[in-house]
Amino acid sequence: MGDHVLFFYGTLMVPQILHRVIHGRSDPEPWQKALLKFQPATLHGFKRHRVRGADYPGIISVKTSAADVSANDTSVLGTLVSGLTDGDIYRLDMFEGEDYTKEDVCVRLLLGGGNAEGNNLQNVLGTARTEDLDEGEELRAVTYVWTGGREELEEAEWDFESFKRDKLAWWVGADEERWKTL
């Protein structure tokens with residue numbers, strides 16, 4: 001089992017897409033699935049935006065002053081994945097490309113999410129308001145932060161529910177040649 005812990009907030013929140021990136025197929029062998037632990041989590045102090053012309057988001061840090069309380073409450077809902085190997089990280093770095101950089105962050109686990117790859121995890125992640133969720137333990141993780149330029153980000157937040165409804169089937173079912181170009 002690997003010892004890397006990463007926080008995902010976009011397409012890689014979907015286990016089938018993550019498996020496709022790190023294992024080469026959306027439905028890997030059971031032993032490969034068993035290596036990873038998925039937990040819903042939230043990352044405070046960042047904002048998620050849609051990337052112009054793309055299906056995926058980018059996050060940026062929200063630098064605030066003590067007087068700007070509303071910005072201090074900005075957070076991103078996502079998935080904490082532990083058990084990733086050095087090889088997984090290499091493939092994730094290639095997938096994310098030059099528009100992202102890895103940063104160490106602190107995330108809060110969301111209670112009641114368990115280690116589910118299925119409906120329970122997706123139900124928690126589909127919650128529209130992070131303030132409606134109970135937070136638990138704080139953990140260190142790494143996440144990919146957008147560095148591709150703010151002009152490439154839309155003001156609107158990337159919507160996980162819209163992605164699942166409109167794009168997920170393509171991302172999970174895309175042919176192997178398309179994945180080699182990502």
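This section describes the confidence, strand pairing, core and selected residues of a predicted model.

Residues are numbered from 1 along each chain as its sequence is written, and side-chain values use heavy atoms, with hydrogens and water left out. Local features need pLDDT of at least 70 and side-chain atom pairs count only at pLDDT 80 or more, whereas totals for chains, interfaces and linings use all residues. The mean pLDDT (the predictor's confidence in each residue, from 0 to 100) of the protein chain is 84, and 77% of its residues reach 70 or more. Over residues 67-71 the pLDDT falls below 50, and this stretch has 2 contacts (heavy atoms within 4.5 Å) beyond near neighbours in sequence. The pLDDT is also below 50 over residues 178-182, for which the model shows 10 contacts beyond near neighbours in sequence.

Secondary structure was assigned from DSSP runs, numbered from the N terminus, with helices (H or I) of at least four residues and strands (E) of at least two. Two strands are taken to pair if DSSP finds at least two bridges between them. Strand β6 (residues 100-110) is joined to β7 (residues 135-146) by 10 bridges, and the two run antiparallel; in this pairing Val-105 stands opposite Ala-141 of β7. Strand β6 is also joined to β2 by 2 bridges, again in an antiparallel arrangement.

Thr-42, located in strand β2 (residues 37-44), stands opposite Arg-108 in β6. Thr-42 counts as buried because its relative accessibility is 1%; here buried denotes under 20% relative accessible area, exposed over 50%, and partly exposed the range in between, with a 1.4 Å probe and protein chains only. A polar atom of the Thr-42 side chain lies 3.3 Å from the backbone oxygen of Val-76.

Helix α1 (residues 15-23) is mostly covered, with 8 of its 9 residues buried. The buried residues of α1 are Pro-15, Ile-17, Leu-18, His-19, Arg-20, Val-21, Ile-22 and His-23. The helix is followed by Gly-24, which has a positive phi near 85°. Val-14 lies in the loop between β1 (4-8) and α1. This residue is buried, as its relative accessible area is 2%. Val-14 and Phe-160 are separated by 146 residues in sequence, yet their C-alpha atoms are 9.7 Å apart.

A nonpolar core is defined as a set of buried Ala, Val, Leu, Ile, Met, Phe, Trp, Tyr and Cys residues joined through side-chain atoms within 4.5 Å. The largest such core comprises 41 residues, of which Phe-7, Phe-8, Leu-18, Leu-84 and Leu-92 touch the most other members. Strand β7 gives the most to this core, with 5 residues. Excluding residues up to four places away in sequence, Leu-18 touches Phe-8, Leu-12, Leu-36, Phe-38, Val-81 and Leu-92.

Lys-47 occurs in strand β3 (residues 46-50). Lys-47 counts as partly exposed because its relative accessibility is 29%. With neighbours within four places in sequence set aside, Lys-47 is in contact with Gly-58, Ile-59, Ile-60, Val-62, Thr-74, Val-76 and Glu-155. The side chains of Lys-47 and Glu-155 form a polar contact at 3.2 Å. Such a contact is a pair of N or O atoms within 3.5 Å; within protein, one must be able to donate a hydrogen and the other to accept it, and residues adjacent in sequence count only if both atoms are side-chain atoms. Lys-47 and Glu-157, 110 residues apart in sequence, have a C-alpha to C-alpha distance of 7.8 Å.
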